[in-house]
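Reader: I have a model open on my screen and would like to learn how to read it. Could you walk me through a few features?

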Amino acid sequence: MSSLQHPLVVAADRLAEAAHRRVNQLQPYTGLPYIAHPREVAALVAQFIATPEVIAGALVHDCIADTDETEASITGALGNEVAHYATELTEQYEHGWTRSRKATSEAARLSSISRNGKSIKCADVTVNVRSIVERSPGFARVYVPEKRLILPSLLGAHPELYRLAAEAVESAERKLAQLPKKPRP
C-alpha cells in the first residue's frame, strides 16, 4: 500500500475535501476545487516522507485558516499529531497588519515549528510559487519576496523539500526579473 492510500491519509483527504467544499473554496486563477492544492502538497511531501501523519497534515494544512474546521475538530477526526501540523501551518497575525508585517511575523514564527511542519510548508511554497509569475505577475512581485523572506526559517525541513522550495523561489525571481518593469505613474 502506498502512503497516500493509508487509512489516515484517506480520512484526511476526505475531511479536507469536505471542509473546502463547504465554504465553496476554489483555487485562484484556475477555478478548480481547492482540494487540488492540498493534494498536490501532500503528494510532494509523500515523495520524501512516508509518515501517514505528516502526509495527512499536508492535506489539512489550510483547513483551520480557510474553513470551519478547528484544531479540536481535526484532533477528533485525525488525531493530535495531524491537528498539530494544521495548527503550526496556520498563519497567526493581528487584524489590520500589513502584508509586510505579516510576512515578517510569519518568518519569525515558522523558525520555531517542527521539522515536519517546516517540510510541509516547503512543499506548500513549492506548489504555490511554481506558477505564480505566469498566472499573476503583479501579485507575484509581492508574493515571491514574501516566500524568499520565510525560506531561512524553514531550514531544518527535509533537505529535498527545502531544496525544491528554494529552487521554486529562485526560478520565480528569475522570471520576475525578465518581466518589464512596472510603469511609474
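Predicted model: local features only at pLDDT ≥ 70, side-chain atom pairs only at ≥ 80, totals over all residues.

Reader: Where is Asn24, and what is its phi?

Author: Most residues other than glycine have a negative phi. Asn24 is not a glycine, yet its phi is positive, about 55°. Asn24 sits in the loop between α1 and α2; helices here are DSSP runs (H or I, at least four residues), as are strands (E, at least two), numbered from the N terminus. Tyr29 lies in the loop between α1 and α2, and Tyr29 also has a positive phi, about 75°, without being a glycine. With 46% relative accessibility, Tyr29 counts as partly exposed.

Reader: Now a helix: how many residues of α8 are buried?

Author: An α-helix has 3.6 residues a turn, so residues three or four places apart point the same way. In α8, 12 of the 16 residues are buried, making the helix mostly covered. Among them are Gly117, Lys118, Ser119 and Asp124. From first C-alpha to last, α8 reaches 22 Å, close to the 22 Å expected at 1.5 Å a residue (the expected span is 1.5 Å times one less than the number of residues).

Reader: Which residues does Ser119 touch, leaving out those up to four places away in sequence?

Author: Contact means heavy atoms within 4.5 Å. By that rule Ser119 touches Val45, Ile49, Ala157, His158 and Leu161. The side chain of Ser119 also reaches the backbone nitrogen of His158 at 2.8 Å. Ser119 counts as buried because its relative accessibility is 0%.

Reader: And what does the side chain of Arg109 make a polar contact with?

Author: A polar contact is a pair of N or O atoms within 3.5 Å; within protein, one must be able to donate a hydrogen and the other to accept it, and residues adjacent in sequence count only if both atoms are side-chain atoms. Arg109, in helix α7, pairs with the side chain of Glu106 at 2.8 Å. Arg109 is buried, at 15% relative accessible area. Beyond its neighbours within four places in sequence, Arg109 is in contact with Glu88, Leu89, Thr90, Glu91 and Gln92.

Reader: Last one: which residues lie nearest the centre of the largest pocket?

Author: Rolling a probe the size of a water molecule over the atoms shows where empty space is left. On a 1 Å grid over the protein atoms alone, a cavity is a set of points where a 1.4 Å probe fits but cannot get out, and a pocket is an open set with protein on both sides within 12 Å along at least five of seven lines; lining residues have an atom within 4 Å of a point. Here 32 residues line the largest pocket, and Tyr34, Asp62, Asp124, Asn128 and Tyr143 lie nearest its centre. Elements giving two or more residues to that lining include α2 (36–46), α7 (99–110) and α8 (115–130).

Definitions and conventions
Residues numbered from 1 in each chain as written. Heavy atoms only, no water. Buried < 20%, exposed > 50% of the residue type's maximum accessible area, 1.4 Å probe, protein only.
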